[in-house]
Amino acid sequence: MSAQNSKILVSGVVLDNKGKHISGAIIIGDNNQTSVANDRGEFALSVGKNTPLIINATGYKAVSVEAKSDLKTIVLESTNANMVQVAFNKVDKSEILGGVSSINIVDNLASNYTTYSLDNLGSYIPGYHGSIWGMNSKLVLVDGIPRDEFNVMPSEIDQITVLKSAAAVALYGSRAAKGVVSITTKRGLEKKNRFDVRLNTGIMVPKRYAEYLNSSEYMTLFNEARANDGLPALYTNEEITNSASGINPYRYPNVDFYSSDYLKKYATRSEVVTEYTGGNDMAQFYVNVGNYNTTSLLNFGNGKKEGENRFNIRGNLDIKLSSMITSKINTSVTFYDRNSAQGNYWGNAATFRPNLITPLIPISYLRNPNATTLGYLGSALHIIDGKYLLGGISTQLTNPIADVYTRGINKATTRKYQFDASLNFNLDRVLKGLTFDTQFGIDYNTSYSQNINDNSYAVYITGTLADPVSGWSTDADGDYISMLTKQGTDTKSNVRSLYDAYQRQTKFFSGVFKYKFDLNKVHNFSTLLVAHGYTLAESEVYHAVANANLGFQFNYNYKNKYYLDYTQNQVHSSRFAKGNREAFSPTVSVGWRISNEKFLQNSSFIDDLKLTASAGILNTDLDYDPNTGYNLFRSIYSTSNGAYFSWQEGRQLRTTDIIRGENYGLGFEQRKDYSVGLETSLFKNMFQINASYFYNKLIGIPLQNVNAYPNFLSVQFPSPSSFVPYTNYNGDERKGFDLGISYNKKIQNLNLNVGFVATYYDTKASTRNDVLYEDNYQYRQGKPIDALWGLKSNGFFTAADITAMANKEPGAPAPQSFGAIKPGSIKYVDVNNDGIVDNNDQVYLGRGGYSGSPLTLGLNVTAKWNNFSLFVLANSTSGSYAFKNSSYYWATGNNAKYSAAMRNRWTPETAETATYPSLSTGNNGDNNFRNSDFWLYKNDRINLSRVQLSYDFPKTWLAKTFVSNLGIYVNGSDLLLISKERNYMETNIGSAPQTRYYSLGLTAAF
């Protein structure tokens, strides 16, 4: 045997470019002999001398090296699987110094089909729950361009990155100061042509409908309300009895908007997505063509035509123009149309009383009509199904059912075109490690609405205007209609009218120099210099939103152990006066990879351990109104056309009003931020943990601080006028922590992945001018930003309470200043003991809002066994409150619709058990229907958000076909909500209902 072919024992260790051991790397020698690196990255293999060794590891580029007896260390570079999109750069996730989290959507979508780009993102990304670290807005980028997240579908997305800390977002400038969500779309693959198809169809089943009283129960309670007001009954016992019996629903109407007469059991949604990817070493492409359509729950008239249709095409192209120049071109076109029946069906469902009118009058009930009524039949343009005329009364000349049948369709149309292109220059010939990237983007968004066949219709009254039921009679054959009165005019229009036209244009440009070098792999440096800006112009908005920035970043690490990052940005805003339009935003971050220290390098359970900290100051104009927030530093005077006073008899003069004073010192607000983080991987990547603590303070929030000036400088009469200027005054604080844990374990044929995230944050209004409030318990400063304020309730008034209050007896309730008080009215606490209950008795009741819940938790579980995959997603929120203040509970006035909540109203008989105040037809709502702890409820909930069971057909079954992958799945979304207030949380008032979505899908690759 020759020396060249003699066998030698090659041993060594496989590391990544950060010095971390890569366990599980596969080393392939001659004759396909293999060795697998152990948990320390060590391997040994007997091969022929000088033969090539191929080293493969998931997440790293494969390399080929010659087998030598002195081979000791093999270093692998990370592939895109380990790269994370950050500001104007992609970096290995191991180099990120906190405040950044990402999710691979491609992997996630394989077991979790979803229809919205940011769907349940907070269940994967710690610190995100609709907003980032509790801040009330975010900048969304798609492929680096400011765009909305609704125009990109999950099937188009490669990765989503959430940038939270000041250091992470600083380069993006003023508009990113409250966090960034960066969406990166898919790209083509070199020498790998692939065609993918997804077919999905499903049904949307209403969770629940609002429950309203039927006609007989409504009339009974309305009579009770009139009795409470000292008024006679409006409805007779005969009317109530006949309505309850259902003997003739046309004479005694009982309209249920949620019945099967008008609604289907479910709506549908169907989708088809095709993807084509491929290329060669000179060009790679990705194409996505998708279409989905939906139907409505309405099952009559033009409601059957309701639905959405969306068609999109996305094309991404990577081109190698030369050895030093590459280019990326991305384009997307979206066609979106939504049809809806004219009128407001769901809004009327929440307000239209069940006994008010008969929507449809059957022609068959007409008997011996007079000549006028016969003339109506001959001239009516809108006869429904050849059987019905449209009903009404003199005070109600339209009805929601007639709207859906006759008034035509509203078609909302949106067209979006998005384009961006970049050139990337490798300038190694000038300076090794130097690159220059430039990107340009332009987007157009156009939308408008059309009224198609916007008809009008006449309604018919079964009697006279004064007596709308006088046309009904009864004989031995039953009820019949003898006469009708027509109100209104019938028209049928073929005209289309346009309205709500809207246009938006986004322009973006960036240029980035990057320089990366090292000294003997010990001292590693990288720098970045970026100039970028964009404008967002909208129709009917005078001033476009503009953003311009000049940023610089410097990174250093020593042996991938000690890290330092410095970032600065010079931001610009045209909202302010000259001299205040630029500001300097610096941040600094440090990191320590403890696992690379000698005392941990041989740890049996710590794979990686890193501590990070960052701090920074960001200047922003985000809290200035996007439409009116320009030139607020200037004073405004206007000449009124009204005559408010005269200097002499008979002569009236115009006035000059001032809207605000001037303040040329008005400028940026600032986010002052620091955070600390920990990242670790344990037990051969079985556990991965990242946690962070954050604190940020937003100072200089603009407002007209009227409390800082004499009150005569801000008046409401004879017209609203104010000499008070805008100033940078208010301040907000937020602090909390977020935590993400991932568990990965293979147990025989079962692969289990469990992800858990938690976010907790607290808020405080750190600076407020509370001069307006007399009592310190009403001070807003020191209370949560999202605080709810209201009165404290103390049960219901009894007749004895009212008598004692009128006689000013000792211990009697304090008089209330909100309107008439009756037995069963809500009784409030006189908090400040001044002898009267008024707005000065409002107190802090709790933190408000679903998205503002202090504690959010998320859990996702993926279990794969053989070819089956089960995915479960759940989340929860707790710690916030809200008011039950919709029309479902606050039934005000004489025309209110009564909900099921009124069944638990106060009466003398139910005084001890009532959960709702006594009824009234007058202004009793002025007292009862106002924010108080009586209407307060906890927002705590647990959601079972998604369950999906998937099956991938074995490859052996497909071996002789042109199909490379084939799978099916069943999916359920929004399946279960666990909460004390579940019924209320799942019920929409005045809009289409919430739904559960059940779908069946098929995926295939060719």
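This note goes through a few local features of the structure, point by point.

1. The structure is a predicted model, in which local features need pLDDT of at least 70 and side-chain atom pairs count only at pLDDT 80 or more, while totals for chains, interfaces and linings use all residues. Residues are numbered from 1 along each chain as its sequence is written, and side-chain values use heavy atoms, with hydrogens and water left out.

2. Two strands count as paired if DSSP finds at least two bridges between them. Strand E5 (residues 52-56) is joined to E6 by 4 bridges in the antiparallel sense, and Pro-52 has Glu-66 in E6 as its bridge partner.

3. The UniProt record, an unreviewed entry, places the feature "domain: TonB-dependent receptor plug" at residues 92-180, although such annotations may be inferred rather than shown by experiment. Over residues 92-180 the chain is 10% helix and 22% strand, with the end C-alpha atoms 19 Å apart.

4. Another open sheet has 5 strands in the order E10-E13-E14-E11-E12, and its pairing is mixed. Its edge strands are strand E10 (100-104) and strand E12 (145-146), each pairing on one side only. Strand E11 (residues 139-142) runs antiparallel to E12 and is joined to E12 by 2 bridges, with Val-142 standing opposite Ile-145 in E12.

5. Helix H3 (residues 215-228) packs against helix H4 (residues 237-245) at an angle of about 155 degrees, with the axes 8 Å apart. That makes H3 roughly antiparallel to H4, a term used for angles over 145 degrees. In this contact (heavy atoms within 4.5 Å), Ser-215, Ser-216, Met-219, Thr-220 and Asn-223 of H3 meet Glu-239, Ile-240, Ser-243 and Ala-244 of H4. These residues divide into 3 nonpolar, 5 polar and 1 charged.

6. Strand E42 (residues 787-790) runs antiparallel to E45 and is joined to E45 by 4 bridges; Leu-788 has Gly-846 in E45 as its bridge partner.

How values were computed
Axes are lines fitted to C-alpha atoms, for helices over the stretch in contact, and angles run from 0 to 180 degrees between N-to-C directions. Angles under 35 degrees count as roughly parallel, over 145 as roughly antiparallel, 65 to 115 as roughly perpendicular and the rest as oblique. Ala, Val, Leu, Ile, Met, Phe, Trp, Tyr, Cys and Pro count as nonpolar, Asp, Glu, Lys and Arg as charged, and the others, Gly among them, as polar.
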